[in-house]
Amino acid sequence: MRPLNLRGAKSSDVTIGTSPISELQACLHSLAEPDHHLDSRSWLIKISESLPREFRHGLTRFAPLWARRRCRLMLPLSPPLDAEIETEIDRLSQLDETTFIEAAAYAIQGGAFDPSGALTQPADFVTACEARSFSRGELAKRLIDDPEAFRTSLVRLLEDSVEEFFAEEWERIHDRLRDEAEQTRSRLRKLPLAELISSVSPAAQVVQGGRGVRFDKFQDLNVPLRGNHVFLVPTIHGRPHLIIRGEPGFPVVLHYPVAWQRQPPSIDEVRQR
């Protein structure tokens, strides 16, 4: 089990804040995989019953992007954090086409593969996705046949999601996430980097004399933080999942769950871990 690699990383590389597009993706994931999110059952039932049929069909078509592996396109792409949802969606719209295709392909196919193959060997990419499921194959084919039409449809779906349910939900939970981010920023000023990162999850443990952090649920984690922007982003709808993403060309993101009632760990509790 490999730890998160902190060698050469600095606390000044870390930014802590909220990301509405990340929380929107967490909502979409929980709608696609409700059995993983029993704590949100009442919210999921309420939202599912209120959504128009055609909109639900759109969510189903794009579900491979967020059902199993969260798409990197819907995590913060660049600083600053604490941006408005419209700003984050616009960043997605402005990505160069190659980066967009590779990030989408990585989520659609899943597993361990080089996403550049979606561009160099598109037929093989589509076939591999079809082998996983019909819906993945269809989505892969749409991406390869017309990536800009694919992007336009995805952006419209995200904008519709904001209008249909997310704007109201973000207003409800934003203060809780903002407070959590502020508490984590406070710990950043008092703790070494390894202890700060381990503080966001009870499954984390500082190892290698502070040069790494091991997360019990990750069997093969090899994300070097040195020289990268590192974003710590709290989530409510993402719980119980902790998401760590470190694809080349993007900031490293730790999307970590918080609870409504639980207080964050004290400095002494973090050090005891």
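**Entry 1: the cores**

I began with the largest nonpolar core, which has 76 residues, and found that Leu 4, Leu 65, Trp 66 and Phe 165 touch the most other members. Helix H9 (residues 147-188) gives the most to this core, with 13 residues. For the record, a nonpolar core here is a set of buried Ala, Val, Leu, Ile, Met, Phe, Trp, Tyr and Cys residues joined through side-chain atoms within 4.5 Å, and buried means under 20% relative accessible area, exposed over 50% and partly exposed in between, with a 1.4 Å probe and protein chains only. Helices (H or I, at least four residues) and strands (E, at least two) are DSSP runs numbered from the N terminus.

I noted that this is a predicted model, in which local features need pLDDT of at least 70 and side-chain atom pairs count only at pLDDT 80 or more, while totals for chains, interfaces and linings use all residues. Residues are numbered from 1 along each chain as its sequence is written, and side-chain values use heavy atoms, with hydrogens and water left out.

I then listed a second, separate core of five residues, which includes Leu 75, Leu 81, Phe 231 and Val 233.

For Phe 165, leaving out residues up to four places away in sequence, I listed contacts (heavy atoms within 4.5 Å) with Leu 24, Cys 27, Leu 28, Leu 31, Trp 43, Ile 47, Leu 51 and Phe 55.

Phe 150 is in helix H9, and at 1% relative accessibility it counts as buried. Setting aside neighbours within four places in sequence, I found Phe 150 in contact with Phe 62, Leu 65, Phe 100, Ala 104, Ile 108, Leu 139, Arg 142 and Leu 143.

**Entry 2: helix H1 against H4**

I looked up how H1 (residues 20-32) lies against H4, and their axes come within 8 Å and cross at roughly 85°. H1 is therefore roughly perpendicular to H4. Axes are lines fitted to C-alpha atoms, for helices over the stretch in contact, with angles from 0 to 180 degrees between N-to-C directions; angles under 35 degrees count as roughly parallel, over 145 as roughly antiparallel, 65 to 115 as roughly perpendicular and the rest as oblique.

On the H1 side Pro 20, Ile 21 and Leu 24 meet Ile 85, Glu 88, Ile 89 and Leu 92 of H4, and the residues of this contact divide into six nonpolar, no polar and one charged.

**Entry 3: backbone in the loops**

I checked the loop between helix H3 (53-62) and helix H4 (85-94), where Pro 80 has its place, and the peptide bond from Pro 79 to Pro 80 is cis, with omega near 0°. Asp 82 is also found in the loop between H3 and H4; it has a positive phi of about 65° although it is not a glycine, and at 43% relative accessibility it counts as partly exposed.

The peptide bond from Arg 239 to Pro 240 is cis as well, with omega near 10°, and Pro 240 sits in the loop between strand E5 (230-235) and strand E6 (243-245). In the loop between strand E3 (204-207) and strand E4 (212-215) I located Gln 208, which has a positive phi of about 55° without being a glycine and is partly exposed, with a relative accessible area of 34%.

**Entry 4: cysteines**

How many disulfides does a search of the whole structure find? It finds zero, a disulfide being a pair of cysteine sulfur atoms within 2.5 Å. The closest cysteine sulfur to that of Cys 71 is in Cys 129, 12 Å away, which is too far for a bond. Cys 71 is buried, with a relative accessible area of 0%, and Cys 129 is likewise buried, with a relative accessible area of 0%.

Definitions and conventions
Nonpolar A, V, L, I, M, F, W, Y, C, P; charged D, E, K, R; others polar.
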